[in-house]
Amino acid sequence: MLLADFGTSYCKLLDTELNEKARILPTRDLTQEFMADLATGHNAKRRSRQSINELTALARGGKRLINKPDFVLLDCGSRDIKYVRYLNHGVADMGWNAECGASMGFTIELLSKYYDIDYASVPVPDTGFSITCGVLGMSNIFDAVVSGISETEAVAKFVRGIARNAWRFAGAPDKLYLSGGLCTNPLFTGSFPCEIIPLGRFVLLEGLKQHLETDCRHM
Amino acid sequence: MQMNRKIGIVGIPPLKTIQAIHDSRDTIIDLDEPQLQLPIDLTAKHLPRVYCAILRTVVLNSMHLQLDHIYIDVGPGKCDCALHVSRILSDTLGVAITTTRNQDMDDFGTPICTSSLPLMDKLLRITKGVQSPVPSDPQDSCKPTAGFWGVPPRDFSILSLFPDTTHVYGWTRCMENKTPANLQLETYCNPEIPTVFFAQSFCAKTALAKHLADLHPRALYLDCDVTAGSSARAKIEAFLELSGVQPQGTFYAAG
């Protein structure tokens, strides 16, 4: 059974019949004919035989990995952010921001290439920009650079602003589980004003595995 | 003998106004609903683009329907924006405008809201019922498994995701009851069932929807503009599914 999380920039794939780890593939490298058995993500309906909602996959994957009655899980993708909040083992709240939280992950990656910045070597700034989305936030960087701040510091302030915006979107929790490729970006994870527990990029795949097991139990 | 006239209504004018239009055998057109297949951006010369989609629809309809008269409710049962739009229509379209302030408090009942009709049918009947001076026909009530709180959305497609056992709350319930200014009824909801608190983007009711959603133990706050995007539909679907309610839609159907 081939499981796929079709992200905007990267696809996460897992063949449950092979004894191998999940793999990551740039979305642009997928062949036209590529088809998964069960998938989630923005291209899932077109590229799979069965698809499930991204928020459902996130919630089920988070529950499977975290296994606690109460938690908040935030997924930061290339073009959107989404969260689920569990309370007493049940989903109490959720959100999916594809508009005002748009293009955050994509913009962070774009900026590192454009300015040749290694985020692992950039300290978390004390202050940041007030940012609601990647696209609108870009002008803050250009304004800051014009005013004399270094490009690296300006980008760091931008990343901090993005992280703070995502944290507020998730309800400003004291402890936040994080999903997505930005889990490995220390500048991003260090910019949250709360405890961060990174879960990595395969939370939605875990949700697909959970869906499979639940489906099998019902058959 | 007077010709049959085309009368536009916005919001829910008082019962006596609706009754008078009926007595005159004029035709009522609900300007809150899309009546024309025209781009909503045609309203940009009269309204900002970032504005309530319902009132943009009102202006679009009013611009193109050759109406004889418009009754706009601008009281506590509608909104300040409707008051402003009434002035804009009056200044720009040359149509006779009458503003009303509906404060009717006689309960007409809410049988459709608690019925097992598909949610889309419920809202179609309720919005159609605004044009009638009589109560809704009786319906068998059902045990609710989900709730829809709010105003009738500009894009009814989101309603297709809900199960038939969805009860209706909020201003839509006030519409069926013919008491649009009854805030107590508008704020009523059932804490026992997962409920979507919906408001149109840029509508003042977004504050009430968010507040009530915060108070409700199993709630999803949702706002949409002109059309419901895929993330709005996915939020509803996931919320219902994760609340143990099987959604009805086909947005993420098995392929």
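In chain A, A:Ala39 stands opposite A:Ser51, a residue of strand S5(A). Three bridges join strand S4 (residues 36–41) of chain A to S5(A), and the two run parallel. Strands here are DSSP runs (E, at least two residues) and helices are DSSP runs (H or I, at least four), numbered from the N terminus; two strands pair if DSSP finds at least two bridges between them.

This is a predicted model, in which local features need pLDDT of at least 70 and side-chain atom pairs count only at pLDDT 80 or more, while totals for chains, interfaces and linings use all residues. Residues are numbered from 1 along each chain as its sequence is written, with chains lettered from A and ligands numbered from 1 in the order in which they are written.

The open sheet of chain A has five strands in the order S3-S2-S1-S4-S5, with mixed pairing. Its edge strands, S3 (23–26) and S5 (48–51) of chain A, each pair on one side only.

I turn now to chain B. Which residues of helix H7 (residues 205–215) of chain B are buried? They are B:Lys205, B:Ala209, B:Leu212 and B:Ala213; buried denotes 20 or more other C-beta atoms within 10 Å of the residue's own, exposed 12 or fewer, and partly exposed anything in between, with C-beta atoms placed from the backbone. These residues lie on the same side of H7(B) because they cover an arc of only 105° around the axis, taken from the directions from the helix axis to the C-beta atoms. The face turned away from the buried side of H7(B) carries the exposed residues B:Ala207, B:Asp214 and B:Leu215.
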